[in-house]
Amino acid sequence: MTLITDLTEVYNSDAKTSEPVRAPVRRRQVPIPLISLATVIGLLLIWAAAASAELVSPVFLPSPAVVAASLWNLVSVGFVDSTLPQHVLASLGRVLGGLAVAVLIGVPAGLAIGASRIGRGILDPIVEFLRPLPPLAYLPLIIIWSGIGEASKVIVIALSMLPSIVISTASGVRSVPKDHVNAARAFGATKRQVTFHVVLPSALPSILTGIRIALGTGWSTLVAAELVAATRGLGFMIQSAAQFLVTDVVIAGIAVIAVIAILLEIAARALERWLAPWASAK
Amino acid sequence: MNRLFFNDVSLAYPARDRQGVPQLVLDRIKLSIATGEFVVVIGRSGSGKTSLLNLAAGFQEPTGGTVTLDDKPVEGPGAERAVVFQDDALYPWLDARDNVAFPLKLKGVGERERRARADELLDLVGLSAAGNRRIWELSGGMRQRVGIARALAAEPRFLLLDEPLGALDALTRGKMQTFLLGVWAKSRSGALLITHSIDEALMLATRIVVLSPNPGRLAADIASSFAADILAGASPSEVRASPAFKRMQDGLTGLIHADSPEEELAA
Ligand SMILES: Nc1ncnc2c1ncn2[C@@H]1O[C@H](COP(=O)(O)OP(=O)(O)O)[C@@H](O)[C@H]1O
Ligand SMILES: [Mg+2]
């Protein structure tokens, strides 16, 4: 988590340095990204030192070099019948599939909650029931219902993503400026036109924020779901490696999962800036 | 000619708590606006000006009396009554041109024609180069002009404007007043403009309606000819310097600020 926030800070400050004029303030302070970078390097060094001193057996703590080598091995040769890119693709496919389902269901549901009392009465309890549940609690039930194939994983991921998408859509709908709706009505818009030309675009920034949060939740749910039931995917890869005590693959897998989580966050932010530039322009 | 008519219109907002009495905001307003007229409603803040405009637009229903358009009761908003909002209410996800073309899009006008008409209107409000600009890149004055162009795109019989120049600096505001007057004269529509500036009322109105607060009542309905002078070519500063203008200004000040003379005039 801190890595993500640090990274977004690097990201944002990058954008700011492109301004032509910079105020000459506080020269002597070390920039925060530099401190973060130093921390990461420091941790790596401690890890390397601990590994080379063999404080614990290399089976439990392989050195960074061994992990890097195994990462390369994962890409070129693979592990448990698939190469790393294949594992990554399997995992990403499930997350994006789950996201598609969650958006298709969650956005209309959020619209209904935000725009109508009846919709709110019906859907609120369902969302409030789902929201605090850890996805792994209902995974066994989903597996009973839909087997251990792709469907069960996509369903679990979609369910874990739904609450944040529904809630952020509903809050976006509720905060549509009254004047925006009134303006459209004064120009003769029908209810349908108000929904599609005013309410949805106005709620878009909020929906996108929901999607960004959902991607984070979905990703962690996915890896956990793959630990339980899968034949390919990053979670499955780590779980298999752990069973054979191939610790370097476990650590490499964890690193890959973290990097992808960060990349997803960055992609989601880029999407927000691209689709709803007015939200950040204010 | 079309006529928008407030027939003894009253409006009360529900009481805040259960024991309270409903709050009467407008009390038996009788007011008529015809196309070709520029009626300016002036009154202190809280006197019910926005409520009056919302009734004319059809955003709200009166609790007493009726609002009629050509003798037919107004039931909700309609494209023949376009609204310009104080906070522009432009859509940030559309560029300036698409904002202006929005009423046409709702009517199902084709892309090509929409574009052409929007460009004409942008030209009319002096923003021919700004069609592709994003709303948040425009200054307050430019945004209000886009808002006015958007209202005109609906080809309304009546323009309803709620303090459209309230957020602008004095210089821009003066320019916009002259501009607005020209646009209205060309469009041959009826205008209902709300302001709390006496100067603005005198510069724009063919008729000035004074609303006294608590509850809002019509305190005066006065014909004014300064707008006609400006349209005939007189300069605003000339008009402002005339003794007749000063006299009207003093008269209106007396009417509006009868019970609180220390309140500052927002000019
Ligand atoms: N939606 C509302 N509910 C309750 N009271 C309202 C509402 N809108 C306005 N009022 C009250 O009605 C009075 C007139 O408001 P408004 O029409 O906005 O006046 P103005 O535009 O002249 O400032 C005010 O006292 C305000 O508090
Ligand atoms: Mg008001």
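Mentor: A definition to begin with. Two strands count as paired if DSSP finds at least two bridges between them. Keep in mind too that this is a predicted model.

Trainee: Okay. Which residue is the bridge partner of B:L211 in β10(B)?

Mentor: That is B:L218. The strands involved are β9 and β10 of chain B, with β9 covering residues 207–212.

Trainee: How many bridges join those two, and do they run parallel or antiparallel?

Mentor: There are 6 bridges, and the strands run antiparallel. In general, strands of a sheet pair through backbone hydrogen bonds, in either sense.

Trainee: What is the strand order in the sheet of chain B?

Mentor: Read it as β6-β7-β8-β3-β9-β10. The sheet is open, has 6 strands and shows mixed pairing.

Trainee: Which strands stand at the edges?

Mentor: β6 (81–84) and β10 (217–223) of chain B do. Each has a single partner strand, so one side of each has no neighbour in the sheet.

Trainee: By how much are neighbouring strands turned against each other?

Mentor: By 20° on average, with direction ignored.

Trainee: Let's look at β3(B). Which strands does β3(B) pair with?

Mentor: One is β8 of chain B, residues 190–195, joined to β3(B) by 5 bridges. The other is β9(B), also over 5 bridges. The pairing with β8(B) is parallel, and so is the pairing with β9(B).

Trainee: How many residues of β3 in chain B are buried?

Mentor: 6 of the 6, over residues 38–43, so the strand is largely enclosed by the rest of the structure.

Trainee: And which residues sit on each face of β3(B)?

Mentor: B:F38, B:V40 and B:I42 are on one side. B:V39, B:V41 and B:G43 are on the other. Both faces are covered.

Trainee: Which helix lies across β6 and β7 of chain B?

Mentor: Helix α4 of chain B, residues 140–153. Helix α4 runs at about 175° to β6(B).

Trainee: Salt bridges next. How many over all chains?

Mentor: The count comes to 21. As a general point, side chains of opposite charge can pair when their charged atoms come close.

Trainee: Is B:D88 buried or exposed?

Mentor: Buried, at 16% relative accessibility. The cut-off for buried is under 20%. B:R143, at 23%, counts as partly exposed.

Trainee: What does B:K30 form a salt bridge with?

Mentor: With B:D8, the closest N and O atoms being 3.8 Å apart. B:K30 lies in strand β2 of chain B and B:D8 in strand β1, so this pair ties together parts 22 residues apart in sequence. B:K30 is partly exposed at 46% relative accessibility. B:D8 is partly exposed as well, at 36%.

Trainee: How far apart are B:E120 and B:R117 along helix α3 of chain B?

Mentor: They are 3 residues apart, about one helical turn. Their side chains meet in a salt bridge at 2.8 Å, N to O. B:E120 is partly exposed at 49%, and B:R117 is partly exposed at 24%.

Trainee: Which residues of chain A are linked in a network of salt bridges?

Mentor: A:R212, A:E265, A:R269 and A:E272.

Trainee: Ligand time. Which residues surround ligand 1?

Mentor: Among them are B:Y13, B:Q23, B:V25 and B:R44. The run B:S45, B:G46, B:S47, B:G48, B:K49, B:T50 and B:S51 is also there.

Trainee: Last one. Where is B:G254 found?

Mentor: In helix α9 of chain B, residues 243–256. B:G254 is partly exposed, with a relative accessible area of 43%. Its C-alpha atom is separated by 25 Å from that of B:S10, which is 244 residues away along the chain.

Note on methods
Residues are numbered from 1 along each chain as its sequence is written. Chains are lettered from A and ligands numbered from 1 in the order in which they are written. This is a predicted model: local features need pLDDT of at least 70, side-chain atom pairs count only at pLDDT 80 or more; totals for chains, interfaces and linings use all residues. Side-chain values use heavy atoms; hydrogens and water are left out. Helices (H or I, at least four residues) and strands (E, at least two) are DSSP runs, numbered from the N terminus. Axes are lines fitted to C-alpha atoms, for helices over the stretch in contact, and angles run from 0 to 180 degrees between N-to-C directions. Contact means heavy atoms within 4.5 Å. Buried means under 20% relative accessible area, exposed over 50%, partly exposed in between (1.4 Å probe, protein chains only). A salt bridge is a side-chain nitrogen of Lys or Arg within 4 Å of a carboxyl oxygen of Asp or Glu. A residue is near a molecule or strand if one of its heavy atoms lies within 4 Å of it.
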